[in-house]
Amino acid sequence: MCRIYGTFNVHSDRAELRRVADLMHHGGPDAQGVAHRPDWALGNNRLSIMDPEGGAQPYHLGRVTVVFNGEIYNHRELRERLTGLGFHFDDQCDGSVLPALYLTYGDRFAEHLDGMYSVAIMDLRQTPRMVLATDDSGMKPLYYHWDRAAGRFHFASELPALLGFAGVRAEEDEAGLDAYLTSKTPFGNRTMFRGIQVFPPATTAVLSHRDGLRLRQRPMAHELGLRPDRDRTLTEAGDQLRDLLSEEVSRLLIADAPVAAVTSGGLDSSLVTALAARALRDGGGSGSLHTFNIAYTGTWPSDERAYAAEVARAAGTTHHQVEVDPATFPDLMTDVVRHLGQPNADPITLSTFSLFRAVRDAGFKVALTGDAADELFSGYSRMTQAVAAHHGSHWIDGYLDHLAAVPRALRESLYTDEYAFAVNAVGPALPPGVRRILHSSPGTRLQRIGAVEQRYRLPAYHLRRVDHLSMASSVEVRLPFTQPSVVRFAAGLTDEQRLVPGVGVKRALYQAAQGLIPRSVLERPKQPFTLPVTAMLAPGQRLWTLARDVLSPQALRADGRIRPERVDALFDEQAARPGDTVSLALWSLMSHQLWRQEFFGAAGAPLTLHTPVRVLQEAA
C-alpha cells in the first residue's frame with residue numbers, strides 16, 4: 001500500500017517532487033522513492049505491508065518504470081506464470097510483478113490483476129508514453145490535471161498532493177456545490193476543483209506526445225453479462241456465498257504486518273469478523289483476531305457497541321472499544337476535510353477518521369471491513385422504496401433524492417437567484433450515465449439501481465472516503481465485498497435473493513451468516529452506521545456553535561450562492577423540531593464552507609459565477 005504521484009511533459013525539480021511526496025507522507029511513511037527525468041517523473045510513498053525488506057519503488061525493468069498503490073492478491077500466481085516466461089524477481093513483494101506483467105500483456109495488463117490498485121507506468125522503449133490503470137471497483141483513486149493545450153499532465157493519489165504541483169492551481173468549480181448537495185460528493189470523474197478530475201473505476205489511460213490522453217473503460221465485474229441463476233435456491237445461494245467469502249477473507253488476511261477487523265455491530269462487518277476469526281483459528285495462527293468498534297462519549301441514538309461486543313465474544317476476538325468525545329468533533333472536522341480534499345456530506349467521516357487513528361495507535365497497519373455489501377446485495381432503504389414504487393419513472397426521482405445530501409426541493413429553495421441561473425446553465429449535476437442507466441439499461445429495476453450504485457456512488461462517495469481517512473493514519477483497508485469474485489457472485493443473484501419489500505434486504509447475505517454470528521445481531525433492525533448528527537446538532541452542543549459560526553449570514557452573503565435567511569430558518573427548525581433532513585442539510589453546508597476555508601483561505605475565495613455566461617455563448 002502506497003501513495004503515488006507523477007508528471008508527463010512537465011519539468012519538475014526535486015524540491016517540488018519532495019513537496020508533493022511530503023503532502024502524502026501519512027499514506028506512505030515507511031519509504032520514499034522517485035524516478036526523475038527532465039520531462040517526466042514517477043514517485044512513491046510506501047506503507048510496507050508485503051515483504052517489508054523488498055518492494056523498493058519505483059520498479060525498473062529495462063526501459064519501463066512503474067509505481068503502484070494498493071495490493072495485488074494474485075501476485076503469487078502471476079509471479080509463477082511470469083517466471084515460466086523467463087522473468088526473474090528479486091523479492092516477494094506483490095507490486096514487483098507489474099513491470100514484467102506490462103511487458104507481457106501491454107496496455108491490457110490490468111485485466112490480469114486481482115486486487116485494489118492504481119498503477120502508473122513510464123514506457124521509454126520507443127516513443128515515450130505513460131500508462132495508468134485503476135482497479136475494477138475504484139478502491140484506489142487517482143486524481144489528475146490534464147492541460148490539453150500544453151500537453152502537460154500531473155497526477156497524485158490525493159487531491160492536496162496534486163495541488164502541491166506548481167502547475168496545478170486550486171480553483172473552485174462554481175457549480176460543484178450543486179453537485180455536492182445533489183449526491184453528497186461529486187460523481188463520475190468530477191471533483192470540486194475546476195480542471196481536476198479523477199479516473200473512474202476500471203480505467204486504463206494512455207498518454208503520449210502524439211495522441212495526448214486517451215481513456216479506455218474496462219468492464220467492471222458486475223458488467224460482464226452475467227445472468228441470474230434462477231435454478232439456485234436461497235439456501236444454496238447463501239451456502240455458496242459463505243464459502244466464497246470465507247475464501248476471500250482468508251486471502252485478505254495474508255500480510256507481513258498486523259491485521260485487525262472493524263466490527264460495527266451490523267451484519268456485514270460481523271460476518272467478515274466471524275470469518276476472519278475462524279480463518280485464523282483454522283490456520284493455526286497464534287493469538288486471536290483484534291476487532292475495533294467506535295462509539296461516542298455520553299448517551300446517543302443508534303449506539304451499536306453492545307452488538308459489536310456480542311459479535312466479538314461469539315467470534316473469540318480481542319475487542320477494542322474506541323470512544324470519541326463529541327466535544328472534539330469541531331477540531332476533527334478540519335483534519336477530515338483536509339485529508340478528503342473535497343467535502344463528503346456523510347457525518348460518518350469523523351467516525352471513520354477517529355476509528356482508524358485508534359487502529360494504528362494500537363499497532364495495526366491493516367484492517368478488514370464490511371464496506372460495500374449494501375451496494376452489492378441491496379441493503380439500503382432507498383432500494384426497497386424504489387422497487388416497491390408504482391410503475392413509471394417517478395421512482396427514479398425518489399431514488400435520486402435519497403442519494404442527495406439535500407433533497408431537490410429544499411436544495412433549490414436554498415439557492416440565490418444568481419446561483420440557480422448558473423446551475424441551470426451548466427446542466428445536470430449528475431453524470432448523464434446515471435439517469436440513462438436508471439431509465440433504459442437492460443435488466444430489472446433493482447439491477448439498474450445496483451449498476452448505478454457500483455459504477456458511480458460506491459467509488460465516489462464510499463470507497464474514496466474509506467481510502468483517504470484510513471490512509472490518513474497509515475492503515476490499509478481491505479474489503480472482501482469488493483473482491484471481483486464476490487461482485488460477480490452478487491451479479492448472479494436473482495432480485496428475490498437480494499431484496500423483497502416487506503420481507504427483507506440482503507437475503508442471500510443473511511442466509512450466508514446463519515450460524516456464524518449471534519441471532520440477536522441477525523434479527524436486529526437495520527440501522528445506518530453513522531454519526532448521530534441529528535441529536536448532536538442541537539443548541540448547547542459544540543457542533544451547533546460551530547455550524548452557526550461557519551454558516552453565518554456574513555459568510556453566506558460573501559459566498560453568494562446560498563440564501564442566509566433560508567439557512568437561519570433551517571437552524572430555527574432544527575432547534576424546535578430536530579430532524580434528519582434538516583440536520584444533514586446544515587451539516588453538509590457547514591462541511592462545504594469548512595472545505596472552502598481550508599483550500600481557499602479564511603473566508604473562501606471570492607466567486608465569479610462566469611460559467612453560465614460561457615455556456616450560453618457557446619450555445620448561441
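Reply: Helices (H or I, at least four residues) and strands (E, at least two) are DSSP runs, numbered from the N terminus. This is a predicted model, where local features need pLDDT of at least 70, side-chain atom pairs count only at pLDDT 80 or more, and totals for chains, interfaces and linings use all residues. Residues are numbered from 1 along each chain as its sequence is written, and side-chain values use heavy atoms, with hydrogens and water left out.

Me: Why are helix 23 and helix 25 called roughly antiparallel?

Reply: The axes of helix 23 (residues 542-550) and helix 25 (residues 564-576) cross at roughly 165° and come within 11 Å. Angles under 35 degrees count as roughly parallel, over 145 as roughly antiparallel, 65 to 115 as roughly perpendicular and the rest as oblique. So helix 23 and helix 25 are roughly antiparallel.

Me: Which residues make the contact between helix 23 and helix 25?

Reply: Contact means heavy atoms within 4.5 Å. Helix 23 brings Trp544, Ala547 and Arg548, while helix 25 brings Asp568, Phe571, Gln574 and Ala575.

Me: What makes asparagine 45 count as buried?

Reply: Buried means under 20% relative accessible area, exposed over 50%, and partly exposed in between (1.4 Å probe, protein chains only). Asparagine 45 has 0% relative accessibility, so the buried label applies. You'll find asparagine 45 in strand 3 (residues 40-46). Leaving aside neighbours within four places in sequence, its contacts include Cys2, Tyr5 and Gln32.

Me: What does the side chain of asparagine 45 reach at 3.2 Å?

Reply: That's the backbone oxygen of methionine 24.

Me: Why does aspartate 173 count as buried?

Reply: Its relative accessibility is 15%, so aspartate 173 falls on the buried side of the cut-off. Aspartate 173 sits in the loop between helix 4 (159-162) and helix 5 (176-183).

Me: What joins the side chains of aspartate 173 and arginine 190?

Reply: A polar contact of 3.2 Å does.

Terms used
A polar contact is a pair of N or O atoms within 3.5 Å; within protein, one must be able to donate a hydrogen and the other to accept it, and residues adjacent in sequence count only if both atoms are side-chain atoms. Axes are lines fitted to C-alpha atoms, for helices over the stretch in contact, and angles run from 0 to 180 degrees between N-to-C directions.
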